[in-house]
Every structure is written in structure tokens, then in C-alpha cells.
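Welcome! Take a moment to look over the sequence and the model, then read on for a short tour, arranged by topic.

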Amino acid sequence: MIIGFVRLELLIYDAQSLKEKRSVLKSLQTRLKQRFNISVAETDHHDVWQRAELTMVTVSNDRAICERELQKALALIDSQPEAERTVTDYEWL
């Protein structure tokens, strides 16, 4: 069994409050969970308006499947105009 996870930072330029930030993140997390076989959680920068850290995790018997699923999720994040992905770290267990 292969566990792949990606930790990434997002910049949310238009957020002027924590409420606006949460709205963007909740919408993004919902789309990711509905379209892909992954779990997503906000893991850092909880009290900062324009910055967030998300962690995405997927499990499979094949590393290629995990990698493909995570790449598709990252492509979805990159296509969103509300947030810009900056730092991205992969880990495999």
C-alpha cells in the first residue's frame, strides 16, 4: 500500500478577512473531495487572511495511481483564479 501526500501553500490575494479566506478554502476543498479520491485539510496559517496551507492525502496499491490523482488535484488548484499555489512538498509512505 502506498500513501502519497502533498503539502502546499496558497496565497489568497482578494481575501480581506478570515471569513473570505474560509469561503475560498471551503469551496476549493469541496471541489477536490468531490472530483478526486483524496482527503484535504487546512493544516497551517489558520489566523492569517491571505495565506493557507493545505494537505492532500491519497492511498492506493500503485504509486503511479497516487501520483496521477494528486497531479490532477494540483491542476484543479492551479486553475482557480482565487488562489495561487506557491510551495509544494510531496511525501510517500
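The largest nonpolar core in this predicted model has 21 residues. The residues with the most contacts inside this core are Leu 8, Leu 10, Leu 32, Ile 38, Met 56 and Ile 77. In soluble globular proteins, nonpolar side chains tend to be buried together.

**How the two helices meet**

- Two packed helices are described by the angle between their axes and the distance between the axes.
- For H1 and H2, the packing angle is about 145 degrees, and the axes are 11 Å apart.
- The crossing of H1 and H2 is right-handed.
- On the H1 side, the residues that meet H2 are Leu 28, Arg 31, Leu 32 and Arg 35, and their partners in H2 are Ala 73, Leu 76 and Ile 77.
- Sorted by class, this contact of H1 with H2 holds five nonpolar residues, two charged ones and no polar ones.

**Leu 70, a buried residue of H2**

- Leu 70 sits in helix H2 and is buried, because its relative accessible area is 0%, where under 20% counts as buried.
- Leaving out neighbours within four places in sequence, Leu 70 is in contact with Gly 4, Phe 5, Val 6, Ile 38, Met 56, Thr 58 and Trp 92.
- From Leu 70 to Tyr 13, the C-alpha atoms are 24 Å apart in space, and the two residues are 57 residues apart in sequence.

- Thr 55 is part of strand E3, which covers residues 51-60.
- Is Thr 55 buried or exposed? Thr 55 is buried, with a relative accessible area of 14%.
- The side chains of Thr 55 and Thr 43 are joined by a polar contact of 3.0 Å.
- Not counting residues up to four places away in sequence, Thr 55 touches Phe 5, Val 6, Arg 7, Ser 39, Val 40, Ala 41 and Thr 43.
- Which backbone oxygen does the side chain of Thr 58 reach? The side chain of Thr 58 reaches that of Asn 37, at 2.8 Å.
- Apart from residues up to four places away in sequence, Thr 58 touches Ile 2, Ile 3, Gly 4, Asn 37, Ile 38, Cys 66, Glu 69 and Leu 70.
- Thr 58 and Leu 70 are 12 residues apart along the chain, with 7.5 Å between their C-alpha atoms.

- His 45 lies in the loop between strand E2 (39-44) and E3, and His 45 is buried, with a relative accessible area of 14%.
- Most residues other than glycine have a negative phi.
- His 45, although not a glycine, has a positive phi of about 60 degrees.
- Glu 9 belongs to strand E1 and counts as buried, because its relative accessibility is 17%, and the cut-off for buried is under 20%.
- Glu 9 touches His 45, along with Arg 51, Ala 52, Glu 53, Glu 84, Arg 85, Thr 86 and Val 87, residues up to four places away in sequence not being counted.

How values were computed. Residues numbered from 1 in each chain as written. Predicted model: local features only at pLDDT ≥ 70, side-chain atom pairs only at ≥ 80, totals over all residues. Heavy atoms only, no water. Helix = DSSP H or I, 4+ residues; strand = E, 2+ residues; numbered from the N terminus. Buried < 20%, exposed > 50% of the residue type's maximum accessible area, 1.4 Å probe, protein only. Polar contact = N/O pair within 3.5 Å; in protein donor to acceptor, adjacent residues only side chain to side chain. Contact = heavy atoms within 4.5 Å. Core = buried A, V, L, I, M, F, W, Y, C linked by side-chain atoms within 4.5 Å. Axes fitted to C-alpha atoms, helices over the stretch in contact; angles between N-to-C directions. Left-handed = near helix turned anticlockwise from the far one by under 90°. Nonpolar A, V, L, I, M, F, W, Y, C, P; charged D, E, K, R; others polar.
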